Amino acid sequence: VFFLTFTVFPVLYAIYMSFHDWAILAKEHPFVGLQNYAFLLRDDFWWLTLRNTLYFAFLTAFLNTVFALIVAIAVHQPIRFRDFYRFIFYAPVVLSVVAVSLNAAWMFNTQFGIVNYYLTWLGLPAVKWLANPNIVIPTLSLATVWWGFGFPMLIYIAGLQGIPGHLYEAARIDGASGLRLTWSITIPLMMPSIFFVAVTQLIAHFKVFGQPYIMTGGGPGRASFTVIMYLYQTAWRFFRMGYGTTIAIGLALVILFFTLVQFRIFGRRSTIEY
């Protein structure tokens, strides 16, 4: 009942709204057929926000997938204070997007940010992290990776704990080094976890909103304006619900496409039998 009420019905109703000129304050919502979708294909701002979103999503998903795996392998080793390190690395996940974004905006501030403070202390020039359209999205991505890599790290730790120890013992007897163990045993047997993390991370970061909305407002110019920000502006500032749902459906189709591509590329490699 909850699934039908809060998932299936809203999706179907959103599709229904996308075929109408649906303004919130209007008494009537005339049927327009595929006009909203035709306008979406001609909308230059849609393509701009989609490009920004693709850039952010792929960069952040890649960094999170790789960095979380490296950290998980490190804290899986029998080292002192291992549980403490796991806690520290996971802790940022529980913070709200507002807290993370406000702190990151302060850290990367051009005039008084702590990052530029240490750069100038080292004799390097200050960088306009959030004011340069060429690096604003990588800056947002770095802040997001720091915030969110703890969750995929836990997924990887669970996967590492499922690898049989006798495989490592046999490889060590054959003279395999630590790097060879990681490359020939850990990585192949972690493919199901890597596949899961890569898919879920890409889907999650396609829906980015809070970080650019709080840290840059979509700027400088429109260099960090994302699809969800465009959807929010269209639906909740200009009350064009019909076109807003069209944007949402367009993004859902893009996410579906890239998810199917990931399944096509990594699906067979993610099935492991011991």
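## Helices α11 and α14

In this predicted model, the axes of α11 and helix α14, which covers residues 241-266, come within 10 Å and cross at roughly 165°. Because an angle over 145 degrees counts as roughly antiparallel, α11 is roughly antiparallel to α14. The crossing of these two helices, α11 and α14, is right-handed.

Which residues of α11 and α14 meet? On the α11 side they are Met191, Phe195, Ala198, Val199, Leu202, Ile203 and Phe206. Facing them from α14 are Leu251, Val254, Ile255, Phe258, Thr259, Gln262, Phe263 and Phe266. Sorted by class, this contact of α11 with α14 has 13 nonpolar residues, two polar ones and no charged ones.

## Helices α8 and α11

Helix α11 also pairs with α8: their axes come within 9 Å and cross at roughly 165°. That angle makes α8 roughly antiparallel to α11, and the crossing of α8 and α11 is right-handed.

Here α8 brings Pro152, Ile155, Tyr156 and Gly159 to the contact. They meet Ser193, Ile194, Phe196, Val197 and Gln201 of α11. By class, the contact of α8 with α11 has six nonpolar, three polar and no charged residues.

## Two nonpolar cores

How many residues does the largest nonpolar core have? It has 22, and those with the most contacts inside it are Met153, Tyr156, Ile163, Ile185 and Met190. At least two residues of this core come from each of α3 (44-76), α8 (150-161), α9 (165-173), α10 (178-189) and α11 (191-206). The largest share, six residues, is supplied by α3.

Let's look at one member, Met190. Leaving aside its neighbours within four places in sequence, Met190 is in contact with Leu69, Tyr156, Gly159, Leu160 and Ile163. Apart from this core lies another, of 18 residues, including Phe45, Tyr230, Tyr243 and Ile255. Ile255 is also one of the α14 residues that meet α11.

Our last stop is Ser18, found in helix α1, which covers residues 2-18. Is Ser18 buried or exposed? Its relative accessibility is 0%, so Ser18 counts as buried; the cut-off for buried is under 20%.

What is Ser18 in contact with, leaving aside its neighbours within four places in sequence? Its contacts are Gly33, Asn36, Tyr37, Gly242, Thr245, Thr246 and Ile249. Among these partners, Gly242, Thr245, Thr246 and Ile249 fall within residues 241-266 of helix α14, which brings us back to the helix where this tour began.

How values were computed. Residues are numbered from 1 along each chain as its sequence is written. This is a predicted model: local features need pLDDT of at least 70, side-chain atom pairs count only at pLDDT 80 or more; totals for chains, interfaces and linings use all residues. Side-chain values use heavy atoms; hydrogens and water are left out. A nonpolar core is a set of buried Ala, Val, Leu, Ile, Met, Phe, Trp, Tyr and Cys residues joined through side-chain atoms within 4.5 Å. Buried means under 20% relative accessible area, exposed over 50%, partly exposed in between (1.4 Å probe, protein chains only). Helices (H or I, at least four residues) and strands (E, at least two) are DSSP runs, numbered from the N terminus. Contact means heavy atoms within 4.5 Å. Axes are lines fitted to C-alpha atoms, for helices over the stretch in contact, and angles run from 0 to 180 degrees between N-to-C directions. Angles under 35 degrees count as roughly parallel, over 145 as roughly antiparallel, 65 to 115 as roughly perpendicular and the rest as oblique. A crossing is left-handed if the near helix is turned anticlockwise from the far one by less than a right angle, and right-handed if clockwise. Ala, Val, Leu, Ile, Met, Phe, Trp, Tyr, Cys and Pro count as nonpolar, Asp, Glu, Lys and Arg as charged, and the others, Gly among them, as polar.
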